Amino acid sequence: MSVDAAIQAALYEHLKRLTLPTALPLAPEGKSFDAGGKAYLRPAYLPAEASAPHIPFDGDAEHVGLYQISVFWPAGKGIADPLAVADAIRAHFARGTEFRLNGIDLRILREPSTLPAVQEPSWLQIPVRVPWWACVTADA
């Protein structure tokens, strides 16, 4: 499994552990999904450049990026409920959260951000951006 695939999988697994007052389906990345007009979550993995700040050259690598989880809510239903879901996502990925999967240590070093709502004819979208940091050991 590539490093990016392993990091994305770790973030996705952590997202699947999110508990909400009302269960919402999770749209899988890269696969077809039909919400049937009901509210749902759509994650997006946004990697940035990797670095290897330590010597030797075969040492651990640091990766950073964003994990964006968008709350999609049917239009015309108000903003309070989707904002509550966005708050729950932010709490689930709070600064200081750490988890490990597939030999990769992931940490949330900064607070997640709720971005402005995007109103479309059929949907209200509220993106939540989670800044992540990962350390990939040389033998991973």
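Analyst: A term for the sheet comes first: two strands count as paired if DSSP finds at least two bridges between them. Helices (H or I, at least four residues) and strands (E, at least two) are DSSP runs numbered from the N terminus. This is a predicted model, in which local features need pLDDT of at least 70 and side-chain atom pairs count only at pLDDT 80 or more, while totals for chains, interfaces and linings use all residues. Residues are numbered from 1 along each chain as its sequence is written, and side-chain values use heavy atoms, with hydrogens and water left out.

User: Which residue in β4 is the bridge partner of Phe99?

Analyst: The partner of Phe99 is Leu106. Strand β3, residues 98-101, and strand β4, residues 104-107, pair in the antiparallel sense over four bridges. With two residues between them these strands form a hairpin, and Asn102 in its turn has a positive phi of about 55 degrees.

User: Where is the confidence lowest, and where highest?

Analyst: By pLDDT, the predictor's confidence in each residue on a scale from 0 to 100, the lowest is β1 at a mean of 85, and the highest is strand β5, residues 113-114, at 98. The chain averages 89, and 89% of its residues score at least 70.

User: Changing topic, which residues touch the most other members of the largest nonpolar core?

Analyst: A nonpolar core is a set of buried Ala, Val, Leu, Ile, Met, Phe, Trp, Tyr and Cys residues joined through side-chain atoms within 4.5 Å. Buried means under 20% relative accessible area, exposed means over 50% and partly exposed lies in between, with a 1.4 Å probe and protein chains only. The largest core has 32 residues, and those touching the most other members are Leu11, Leu41, Tyr67, Ile89, Phe93, Leu106 and Trp132. At least two residues each come from α1, β1, β2 (61-74), α2, β4 and β7 (123-136), and β7 gives the most, with seven.

User: What is Leu11 in contact with?

Analyst: Taking contact as heavy atoms within 4.5 Å, and leaving aside neighbours within four places in sequence, Leu11 meets Tyr45, Tyr67, Phe93, Phe99, Leu106 and Trp132. There is also a second, separate core of five residues, which includes Ala27, Ala35, Phe72 and Trp123.

User: How about Leu24, is it buried or exposed?

Analyst: Leu24 is buried, at a relative accessible area of 18%, although it lies in the loop between α1 (3-16) and β1 (40-51). Not counting residues up to four places away in sequence, Leu24 touches Ala39, Tyr40, Leu41, Trp73 and Val85.

User: How many aromatic pairs are there?

Analyst: The structure holds six. Rings of Phe, Tyr and Trp (its six-membered ring) pair if their centres lie within 6.5 Å; planes under 30 degrees apart count as stacked, over 60 as edge-to-face and the rest as tilted. Phe33 and Tyr40 form a tilted pair, at 5.1 Å centre to centre and 50 degrees between the planes.

User: Why is the pair of Tyr40 and Phe72 stacked?

Analyst: Their planes are at 5 degrees, with centres 4.9 Å apart, so the pair is stacked. Tyr40 lies in strand β1 and Phe72 in strand β2, so this pair ties together parts that are 32 residues apart in sequence. Tyr40 is buried at 7%, Phe72 is buried at 9%, and Phe33 is partly exposed at 28%. Ring pairs link Phe33, Tyr40, Phe72 and Trp123 into a cluster.
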